[in-house]
Amino acid sequence: MFCYHCQEAKKNIACDTAGICGKKADVSSLHDLLTYTLKGLAFYAVKAAESGITDSNIDKFVARALYSMVTNVNFDPAVFVQLIAETVQRREHLKRLLSKSETVFITEEPEEAQWLYEKIDQEAFVKKGETVGVQAGGELSGDDADLHAAREMLIYAAKGLGALLEHIQVLDVFAPEHYVFMYQAVAYTLQKQRSLNELLAMNYKCGEQAILVMALLEQINIEKFGQPSATTVHLDSWDKPGILVSGQDFHDLQDLLEQSAGSGVDIYTHGEMIAAHSYPAFKKYFNLVANYGGAWQDQKTEFGKFQGPVLVTTNSLQQPKKGYTAKAYTSGMVGWPDIAHIEKRRTEDAKDFSEIIQQALQCEPPLPLTAGSVTVGYGRHALIALTDTITQSIKSGDIKRIIVLIGCDGRHKERRYYTDLVKALPADTLILTAGDTKYRFHQLELGEINGVPRLLDAGQTHDFYAVIAFLTHLQNTMQLEHINQLPVSFNIAWYEQQTILMMLAIFALGIKNLRIGPTLPPFFSPGILQKLTDELAVKGIDTPENDVAAMLEGE
Ligand code: SF4
């Protein structure tokens with residue numbers, strides 16, 4: 001096993017015997033084989049798209065398969081065995097279609113597009129996976145290391161892109177224009193002749209694509225759930241039994257709220273789902289009462305204290321503890337062996353959550369955990385409404401700097417940096433955030449500047465788009481040529497492949513002085529880091545005090 005997909009890779013090098021995340025070696029090997037076969041499928045999907053052959057079923061499947069490998073999404077080997085088998089079957093189907101085309105000539109078929117299995121056999125798949133993983137794909141040191149690392153980064157970004165597309169798919173929207181690029185990005189990793197500059201350019205293109213997909217996701221969320229607005233969210237626990245919903249899937253939350261309304265069961269959000277409180281579609285439900293607990297990594301202690309059932313949607317699942325396994329449920333692509341997965345549907349459009357609701361009615365109310373409240377809901381619309389005040393405050397010197405502090409939380413104790421950083425920021429700084437790193441500081445009393453709260457929370461990780469859209473609007477209002485001319489500093493707390501994509505979006509926008517923490521990605525080879533440093537002044541984090549001083553100087 002060799003995995004350095006995420007920020008928690010062992011010793012910031014790689015997990016080599018078992019994942020810190022809970023991923024076992026066999027699942028890691030199946031991920032490697034799934035990635036390998038998806039590259040082969042992408043090779044043919046690019047050729048098919050060039051000849052006008054498309055298949056929305058394959059498009060949706062590939063996005064879902066890429067997403068399944070994002071850190072903390074799915075740990076069930078049986079799921080990956082099926083995904084690998086389907087990938088090969090769908091690739092062969094495409095191959096047959098293309099063989100009938102008179103305009104497509106395949107001269108060199110990569111080995112990734114050739115591998116076949118005789119029968120579905122988990123053990124054989126694991127063995128094959130052991131031969132095609134990260135280490136088998138190129139040198140990790142030496143001359144080839146930079147190219148290999150850039151190809152790996154592209155695959156991780158494609159997995160992040162698959163996640164964004166799946167978030168859109170579960171909202172019953174299919175946007176065909178984004179899938180061709182997804183295939184191109186995956187298939188690009190097969191082109192061994194590409195230079196480092198070309199590979200990095202493709203990575204940045206992935207970042208550009210992410211901005212387009214995040215914009216679409218924002219639009220769909222607004223159409224389906226209304227315009228988010230600044231909203232106070234309670235953090236305490238109430239007197240009725242509850243169901244805790246974590247992740248990012250608003251569709252699941254809506255189905256659950258609809259089916260539990262009037263049942264006597266309260267619904268609480270956890271982690272990134274806190275953003276739901278700011279949308280009109282969810283505010284109307286009497287039983288959506290509060291947010292319980294902190295970010296995803298706190299689930300092992302918090303889910304047990306909740307006492308009622310927990311539904312994990314989209315991602316951020318950890319190995320469930322014995323104390324609550326019988327009350328844990330997953331949905332969508334999330335899964336853990338032997339944890340109940342919601343498969344049953346109530347209607348074509350809605351999953352059936354009656355089992356969870358019935359179980360909740362037998363449970364005790366949540367134990368007290370946190371208290372107070374926080375404000376969420378500064379989406380693009382709400383941020384842009386503050387433009388005049390923020391512009392005037394910048395001009396008058398009341399706002400000296402805007403700090404964009406986005407990304408995911410995680411287990412490393414070094415992540416205390418983000419709390420200390422926010423505490424060390426002077427009172428004339430504004431903080432824009434998205435994702436769940438905010439749990440490190442969202443309860444701090446930070447005050448206001450000319451009526452604008454110093455902490456503005458745009459929502460989930462992909463709501464980073466709202467931050468970018470607002471800053472672009474601010475830049476235009478202030479008649480500046482580039483975001484870099486605004487008094488703004490970017491700091492990303494990366495964790496998994498969706499935040500790698502956000503990082504690439506920042507690079508693609510040409511934003512300078514990005515700080516990446518709590519550690520630099522282990523797959524940043526020396527050559528990649530040198531290029532990012534030279535061209536964009538990318539850096540790791542220092543002490544909070546040093547970073548605050550540097551950011552205030554525009555560095
Ligand atoms: Fe390790 Fe992260 Fe890979 Fe899990 S996803 S095995 S924690 S590097």
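Ala, Val, Leu, Ile, Met, Phe, Trp, Tyr, Cys and Pro count here as nonpolar, Asp, Glu, Lys and Arg as charged, and the others, Gly among them, as polar. The structure is a predicted model, in which local features need pLDDT of at least 70 and side-chain atom pairs count only at pLDDT 80 or more, while totals for chains, interfaces and linings use all residues. Residues are numbered from 1 along each chain as its sequence is written, and side-chain values use heavy atoms, with hydrogens and water left out.

The protein is divided into domain 1 (10-203), domain 2 (231-361) and domain 3 (377-552), with bounds from an automatic or database domain assignment. Between domain 2 and domain 3, the C-alpha centres lie 29 Å apart. Contact (heavy atoms within 4.5 Å) involves 20 residues of domain 2 and 19 residues of domain 3.

Grid points are joined across faces, edges and corners, and a volume is the space filled by probe spheres set on the points.

The largest pocket holds about 540 Å³ of space. Its lining has 22 residues, and E166, Q169, V170, R345 and K351 are the closest to the pocket centre. By class, this lining has six nonpolar, four polar and twelve charged residues. Domain 1 and domain 2 each provide at least three of the lining residues. Among helices (DSSP runs of H or I, at least four residues, numbered from the N terminus), α2 (56-68), α5 (145-169) and α8 (250-260) each supply at least two. The largest share, three residues, comes from α8.

Six cavities of 30 Å³ or more are present. The largest cavity contains about 150 Å³; of its 21 lining residues, C3, C6, C21, K23 and T71 are the closest to the centre. The lining of this cavity divides into twelve nonpolar, six polar and three charged residues.

Where does the ligand sit? The ligand sits in the largest cavity, in the sense that more than half of its atoms lie within 2 Å of the grid points. Around the ligand (a heavy atom within 4 Å) are M1, C3, Y4, H5, C6, A9, C15, G19, I20, C21, K23 and T71. This shell has eight nonpolar, three polar and one charged residues.

Methods. On a 1 Å grid over the protein atoms alone, a cavity is a set of points where a 1.4 Å probe fits but cannot get out, and a pocket is an open set with protein on both sides within 12 Å along at least five of seven lines; lining residues have an atom within 4 Å of a point.
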